[in-house]
Amino acid sequence: MQKIDKLDKKILEIISQNARIPFKDVALECGVSRAAIHQRVQRMVEMDVIVGSGYFVNPKVLGYNTCTYIGVKLEKGSMYKTVIPELDKIPEIVESHFTTGPYTILIKLYARDNEHLMDLLNDRIQEIDGVVATETMISLSQGVKRQIPISRTED
């Protein structure tokens, strides 16, 4: 994998703060041509440095008022391969992670309310073959949300 340089990192810092910023504005701030910005962004997409773009939708505006983290314990860790495709069928699940510690899988989901959450837990998640237990943690408030820092002190 190719390395990214200081200009790449500066570009990443700018576009990670505002994905809609025109390349001409990025070029102006970086002191290079718009074509150079376009080429570097395209190269970083191809290198999987940039792995997506788009808009973030506020779940509450769509009626999803409950953000929940659920620790899922499986009968055997190897069942992860069959459980993940089943979890993927539940659109309210926005993330899943194969983890170490007390849970095999940690998932993040959004529910409309507690009744909807109970339905997702009892009728969908806990009915998946291999799921032996779940522990639910409701997020009361999100304190921090940000991208990973681009610049490191050792640069």
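Modeller: Contact here means heavy atoms within 4.5 Å. The model is predicted, with local features needing pLDDT of at least 70 and side-chain atom pairs counting only at pLDDT 80 or more. Residues are numbered from 1 along each chain, and side-chain values use heavy atoms, without hydrogens and water.

Colleague: Thanks! Leaving aside neighbours within four places in sequence, which residues is R40 in contact with?

Modeller: R40 is in contact with D5, L7, D8 and I11.

Colleague: And why is R40 called partly exposed?

Modeller: Buried means under 20% relative accessible area and exposed over 50%, with partly exposed in between (1.4 Å probe, protein chains only). R40 has a relative accessible area of 22%, so R40 is partly exposed.

Colleague: What makes α1 and α3 roughly perpendicular?

Modeller: Roughly perpendicular covers angles of 65 to 115 degrees. The axes, lines fitted to C-alpha atoms over the stretch in contact, cross at roughly 85° for α1 (residues 6-17) and α3 (residues 34-46). The two helices, DSSP runs of H or I with at least four residues, are therefore roughly perpendicular to each other.

Colleague: Which residues meet there?

Modeller: From α1 come L7, D8, I11, L12 and I15, and they meet I37, R40, V41, R43 and M44 in α3.

Colleague: Happy with that! How do you know that β2 and β3 pair?

Modeller: Strands are DSSP runs of E with at least two residues, and two of them pair if DSSP finds at least two bridges between them. Strand β2 (residues 93-98) and strand β3 (residues 105-111) have 5 bridges, in the antiparallel sense. H97 stands opposite L106 in β3.

Key:
Axes fitted to C-alpha atoms, helices over the stretch in contact; angles between N-to-C directions. Parallel < 35°, antiparallel > 145°, perpendicular 65-115°, else oblique.
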